[in-house]
Amino acid sequence: MSWNTVIGLEVHSELNTKTKCFCGCKNEFGDKPNTNCCPVCTAMPGSLPVLNRDAVERAILMGLAVGCRINNYSVFERKNYFYPDLCKAYQISQLEYPLCVGGGLEIELEDGTKKFIRLDRIHLEEDAGKLIHSRNGTMIDYNRGGVPLIEIVSKPDMNSAEEAVAYLQKLRSTLLYVGVSDCKMQEGSIRFDVNISVNRDGEPLGTRTELKNLNSFRAVLRAIKYESARQIEELEAGRKVIQETRRWDDAKGKTYSMRTKEDSQDYRYFPDPDLIPLDVTEEYIESIRKKLPKLAPERKAEYQKMGLTEQDATLITSERAYADFFEAVLKYFNEPKFVCNWITAEVFKKLNALEEDDRKISVTPQDLAKMLELYKNGEINQAGARKIFDALWEGETDPVRLVETLGLKQLNDTGALKAVLEKIIADNPKAVAELKAGNEKTMAFFVGQAMRATQGKANPKLVNDLVRELIK
Amino acid sequence: MKYLDYSLTEIIEKLKGGEVTSVELVKECFERIKETADLNALNSTYEKEALARAKAIDETRGRGEDVGVLGGVPVVLKDNINYLGTRTTCASKFLENFISPYTATCAQKLHDAGAIVIAKANMDEFAMGSSNENSAFGPVKNPVDNTRVPGGSSGGSACTVKARQCFMSLGTDTGGSIREPSSFCGVVGIKPTYGRVSRYGVVAFASSLDQVGPLTRTVRDNALALSIIAGADPMDMTSSQTEVPNYLSDIDKGVKGLKIGMPSQFFTDKLSPSVRSSLDKAIEWYRENGAEIVPVELPSVDTALAVYYVISSAEAASNLARFDGVKYGVRAENYEDVVDLYFKSRTQGFGKEVKRRIMLGNYVLSSGYYDAFYRKAKRVQKVIRQEFLSALEKCDCLISPTTATPAFKLGEKANDHVAMYLTDIFTVPVNIAGVPALSLPCGVDEEGLPIGMQLIGKHFDEAMLYRVANAFELAHKEGK
């Protein structure tokens, strides 16, 4: 009998509200330590939390985007435990009555199969501060303390590392579409915990372990593969899987036991008496639903209507940033297919060379539109277009000027090109014979020679036509 | 003592009329504080700062500018109320060195009305206690008889007002901590409706039960003080949006035609004869003056104390977890790691009663016990609350003794926790129900010890309590 792997994911995502979840301090990454702090988020005696409605709204917005039911009655509870980064010694979270329940996401695997991953809940809570370990001891930065987080808990519906990663990518993409989080893994604004167990076909679910410290999709992929193999090995050797939390060591490529269930904490959850239960009315939910931006499926359908293939439409809507950029370029240059081809080929090539968090399109829609227009109208050729695109990506602007300064204006002068080609034809009788004999590949040789002779400026289509005319 | 015998209301008029300056008042307060230092009512005093502020206020007044309703009046805050730059110790060793980095809303409101904070009052550690013997800085003594307790936990707040060290103070009340010491010391104290006064900046004991209230020597003073500190606060989500009425507008209307409910459960054979006879006389006075006394029932009220110890301890355990030695307060020396730091700091920093409540609170919240204790207590709380609402539907307010006996001797109940907890049987149910209640003096026993009666009102109907209390007080004024 073969082994099944069963995976559930808990994703923490920081919401990009202006202020923290329970006080008026700035929600900003990277500021000087302990500058975005007040009596509330440093747990000064007597301070009280006041709920940030914007955080509630963003959590509900995400819930609506993934088809959750929004609870009309929602309660904040205290999760009590001691840790220096948690200054109140309890985290304000939700247990019995989360904001959103149910819902789910459809994922698509490499081979095109689709699968629906159900969600258990989405709840709102606050982030803790950050410990900074240094030679002089451990220091605490409370800037992150009290930043609103949503925890998105899936059902154990995934059965492979690939499915888990596909789910995470889809979830991240959805968060970005909804615009409630910037999802930067390196800044910790999106974090993953994996619950994993293995069992044989037809047998009940196995004992699960929880994996922590997964900071990238690649880490998730590797950790799940490692852990599932480890569990199978344990069971095949006649040992047991212990219910425990395990830490992924990315450098060693292994998981290590952090704590077992026996020494797990009793969080003594109870409703926070400082925060009154939330009365989430249907009217309120509807008013939030109206703010829901167009998500990928809707945009994909629109783009297909513009003439994009399904594959292209899928690619360009894979992230909101791409779709937004695509639409922005169209505003200046309304050639959907042409624009899409450039983005999915050239822009994606640039982005894929970057780390996930750094994938930012560094050209303006106006400049790209202008460049593509020059290209389409034949004022520059593809090689010229690429050169301008590279320059734009490096921070240059104004494609029209770049055509001049880089000397990329396409040579469309029939007379001048004829003169160049006549010399090439005279110098290469063998190639002329081959072309005449019907070897079309030889045409590439002539185009190449013409480009060399014109420093890449020759209009390739014109070269093509002229060669045929001249050897007739 | 020239001015300290005057009431708050009277002294405000004298300040306004220029008969006395704020500087003179502050000076007199500090003379008196020094004379009565053995009462141990105060944890910190701010003579220099108070004099400077008094001088500034006198000058402002001298220019004919507005100085606020309480302009230049010396007041005292309980030592669990933050006031920027003052020590806020909660009478705990743990916070011995803690200086408030901000000001509580109630203190800010007093400040904005022109009051001068001259001192912080001693209390039971973290407001846990009924005798003020749980202070890390020693017990407060009853100013009427210094061999007796002043009550707690706002013992210092009651003592300082009775001993004429100031004109009013603020206390906090989670299960009787304003009313019981008011009763023992013979002053007027109110536990307002839950949500009436902002809790922002008041160090939490049990967040769902805590309320701030004033302690004064007259009912009218109290009404005035509450009108200043009451009201919605954007910093406290549990503060009520209900408008604050003018507590003085109906205060002199008398009791004719009012209905006063007498809950049979509060008139048991546990009352000391002196308390019983004082209450009987008070009730008789109300009847004679046109009020109708109606019998009411609070059948489940005897469960309130159990409910209180479950809920308040659970919340306290969580609220006091922040005192971990990491950020502020006293950090133990010679710790091995962070867990040891927590363990030693908390072991050394907290007193016995606080530790007892933390253990109890964590127990009732722990997995496997939550439903049997915390959840059940919250359910019973609803029943008690409903019983109060039903009883109050039949009348304008309820009357009861504040405590079953007058002030007991220092040390008398120190080792009998249950007897100590039982001191609060008449006050605790009020916090469980969230309704307002006021304690006012209604006589003395054969040894001259004050006896207090409690008036319990409908949600946000403090005005009725002041009206009913004021009528009695005016008729029974013996000098001042």
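This is a predicted model: local features need pLDDT of at least 70, side-chain atom pairs count only at pLDDT 80 or more; totals for chains, interfaces and linings use all residues.
## Confidence in the model

For the complex, the predictor gives an ipTM of 0.96 together with a pTM of 0.91. In chain B, the mean pLDDT is 97, and 99% of the residues of this chain reach 70 or more.

## The overall form of the two chains

Chain A contains 15 helices and 17 strands. Its radius of gyration is 29 Å, whereas a compact globule of 472 residues would have a value near 23 Å. Taken along its principal axes, the C-alpha trace of chain A spans about 90 × 55 × 55 Å.

Chain B is built with 15 helices and eleven strands. The radius of gyration of chain B is 21 Å, which is close to the 23 Å given by the globule rule for 480 residues, so this chain is as compact as a globular protein of that length. Along the principal axes, the C-alpha atoms of chain B fill a box of roughly 65 × 55 × 45 Å.

## Helices α8 and α10 of chain A

Helix α8 of chain A, which covers residues 336-352, packs against helix α10 of chain A, residues 382-393, at an angle of about 45°, and their axes are 12 Å apart.

On the side of α8(A), the residues in contact are A:Trp342, A:Glu346, A:Val347, A:Lys350 and A:Leu351, and they meet A:Ala385, A:Arg386, A:Phe389, A:Asp390 and A:Trp393 in α10(A). Sorted by class, this contact has six nonpolar and four charged residues, with no polar ones.

## Helices α14 and α15 of chain A

A second pair is formed by helix α14 of chain A, residues 442-453, and helix α15 of chain A, residues 460-470, whose axes come within 10 Å and cross at roughly 120°. With this angle, α14(A) and α15(A) are therefore oblique to each other, and α14(A) passes α15(A) in a right-handed crossing.

The contact involves A:Met443, A:Phe446, A:Val447, A:Ala450 and A:Met451 from α14(A), along with A:Pro460, A:Val463, A:Asn464, A:Val467 and A:Arg468 from α15(A). By class, the contact of α14(A) with α15(A) has eight nonpolar residues, one polar residue and one charged residue.

Technical notes. Residues are numbered from 1 along each chain as its sequence is written. Chains are lettered from A and ligands numbered from 1 in the order in which they are written. Side-chain values use heavy atoms; hydrogens and water are left out. pLDDT is the predictor's confidence in each residue, from 0 to 100. Axes are lines fitted to C-alpha atoms, for helices over the stretch in contact, and angles run from 0 to 180 degrees between N-to-C directions. Helices (H or I, at least four residues) and strands (E, at least two) are DSSP runs, numbered from the N terminus. Contact means heavy atoms within 4.5 Å. Ala, Val, Leu, Ile, Met, Phe, Trp, Tyr, Cys and Pro count as nonpolar, Asp, Glu, Lys and Arg as charged, and the others, Gly among them, as polar. The radius of gyration is taken over C-alpha atoms; the globule rule is 2.2 Å times the number of residues to the power 0.38. Angles under 35 degrees count as roughly parallel, over 145 as roughly antiparallel, 65 to 115 as roughly perpendicular and the rest as oblique. A crossing is left-handed if the near helix is turned anticlockwise from the far one by less than a right angle, and right-handed if clockwise.
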